[in-house]
Amino acid sequence: MASRLTNEATDATPDLLPGTGRHRTTLFPRRRTTPRTARDFVAATLTEWGETSRLDDMRLCTSELVTNAVLHGVPVGRLVLVRVESLDEELRIEVHDSGESTPTQRVPEESAVDGRGLLIVAATADSWGVKERTGPGKCVWAAFDRAKNGAAPLPPHTTSPQGGTS
């Protein structure tokens, strides 16, 4: 993974992680439309992989995490990196940004119009968290356990290329 998020190509890049499953990563610009575009990317990737048991939950968490990154994490002129992983034990959505602030779950006033994103992620995903990155910023992730969602276990991992559908 790159150590900084800059104006690199924004095409999806499929690649294989040795022994752990598959992932796909895309960079998105800091725009109001990015959460919708990121949701569509995640949904298309998971559908292509046949990982649709909790697709709506994963789309919702993607939307909330990317919205937080766009509103609070990504400095002007920088990009948001979204990664979808299909691992042995879980499906995982990661949102990377180069902002220095650490997101925290809070309980907003009942009349507040915002501030519920991480509450929604915590209630929807099986687990979530924040991890450090190499370079600036952080990664906020949401995971969905295979055992809990009825997803089929991954077939045994091979090292041969999978024709861009990894």
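1. A convention comes before the numbers: an axis here is a line fitted to C-alpha atoms, for helices over the stretch in contact, and angles between N-to-C directions run from 0 to 180 degrees. The model is a predicted one.

2. On that basis, helix 2 (residues 55-73) packs with helix 3 (residues 117-124) at about 155 degrees, and their axes lie 9 Å apart. Angles over 145 degrees count as roughly antiparallel, and helix 2 and helix 3 are therefore roughly antiparallel to each other. Their crossing is left-handed.

3. Which residues make this contact? Helix 2 supplies D57, L60, C61, E64, L65 and N68, while helix 3 supplies G117, L118, I120, V121 and T124. Sorted by class, six of the residues in the contact are nonpolar, three are polar and two are charged.

4. The largest nonpolar core contains 27 residues, and V82 and F144 have the most contacts inside it. Two or more residues each come from helix 1 (34-48), helix 2, strand 3 (79-87), strand 4 (90-97), helix 3 and strand 6 (138-145). Helix 2 gives the largest share, seven residues. In soluble globular proteins, nonpolar side chains tend to be buried together.

5. Of the protein's 166 residues, 45% count as buried.

6. A last point concerns sequence separation. Of the contacts between residues at least 6 apart in sequence, 65% join residues at least 24 apart.

Definitions and conventions. Residues numbered from 1 in each chain as written. Predicted model: local features only at pLDDT ≥ 70, side-chain atom pairs only at ≥ 80, totals over all residues. Heavy atoms only, no water. Helix = DSSP H or I, 4+ residues; strand = E, 2+ residues; numbered from the N terminus. Parallel < 35°, antiparallel > 145°, perpendicular 65-115°, else oblique. Left-handed = near helix turned anticlockwise from the far one by under 90°. Contact = heavy atoms within 4.5 Å. Nonpolar A, V, L, I, M, F, W, Y, C, P; charged D, E, K, R; others polar. Core = buried A, V, L, I, M, F, W, Y, C linked by side-chain atoms within 4.5 Å. Buried < 20%, exposed > 50% of the residue type's maximum accessible area, 1.4 Å probe, protein only.
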